[in-house]
Amino acid sequence: TVDVDTLALLEAVREHFGRPVTITSACRCSSHNAAVGGAKNSQHVYGRAADIKIPGVSPIEVSWFAETLIPDSGGIGVYESFCHLDTRTNKARWNG
């Protein structure tokens with residue numbers, strides 16, 4: 001099940017950029033998460049994470065906007081070709 005707060009975060013990102021958001025990875029079962037090398041306690045397993053791409057928008061630009069939405073919580077990970085967003089209660093930031 002995908003977390004409602006995660007869906008709201010993704011919708012806010014979509015509305016801001018006015019472009020479709022492509023989700024490349026979201027809710028994962030434990031076995032798939034392990035197969036793709038996900039962290040053992042990945043937010044993807046709890047339905048609280050999505051890896052996204054937006055045509056014409058760099059992952060760092062997505063992360064800058066996401067920071068305005070979840071400045072004190074959530075996970076934002078910037079990778080070369082996508083941005084990871086999640087709605088964990090604590091704050092986590094990283095570059096992949």
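**Strand 3**

I began with strand 3 and checked which way its residues point: G74, I76 and V78 go one way, G75 and G77 the other, and all are buried. For burial I used under 20% relative accessible area, with exposed over 50% and partly exposed in between (1.4 Å probe, protein chains only). Helices (H or I, at least four residues) and strands (E, at least two) are DSSP runs, numbered from the N terminus. In a regular strand the side chains alternate between the two faces of the sheet.

The model is predicted, so I kept its limits in view: local features need pLDDT of at least 70, side-chain atom pairs count only at pLDDT 80 or more, and totals for chains, interfaces and linings use all residues. Residues are numbered from 1 along each chain as its sequence is written, and side-chain values use heavy atoms, leaving out hydrogens and water.

I then counted burial along strand 3 (residues 74–78). It is largely enclosed by the rest of the structure, because 5 of its 5 residues are buried.

**Partners**

I looked up pairing next; two strands pair if DSSP finds at least two bridges between them. Strand 3 runs parallel to strand 5 (residues 91–95), over 5 bridges. There, I76 sits opposite R93. With strand 4 (residues 83–86) the pairing is antiparallel, over 4 bridges. G75 has D86 as its bridge partner in strand 4. Strands 3 and 4 make a hairpin, with 4 residues between them.

I traced the strand order as 1-2-4-3-5, in an open sheet of 5 strands with mixed pairing. Strand 1 (22–25) and strand 5 are the edges, each pairing on one side only. Neighbouring strands are turned by 25 degrees against each other on average, direction ignored. Axes here are lines fitted to C-alpha atoms, for helices over the stretch in contact, and angles run from 0 to 180 degrees between N-to-C directions.

Helix 3 (residues 59–69) packs on this sheet and touches strand 2 (49–53), strand 3, strand 4 and strand 5. Contact means heavy atoms within 4.5 Å. The direction of helix 3 makes about 160 degrees with that of strand 3.

**Helix 3**

I listed the buried residues of helix 3: P59, V62, S63, F65 and A66. They line one face of the helix, because they fall within an arc of 170 degrees seen down its axis. That arc is taken from the directions from the helix axis to the C-beta atoms. On the face turned away from the buried side, I found the exposed residues W64 and T68. The cover over the buried residues includes helix 1 (4–17), strand 2, strand 3 and strand 4.
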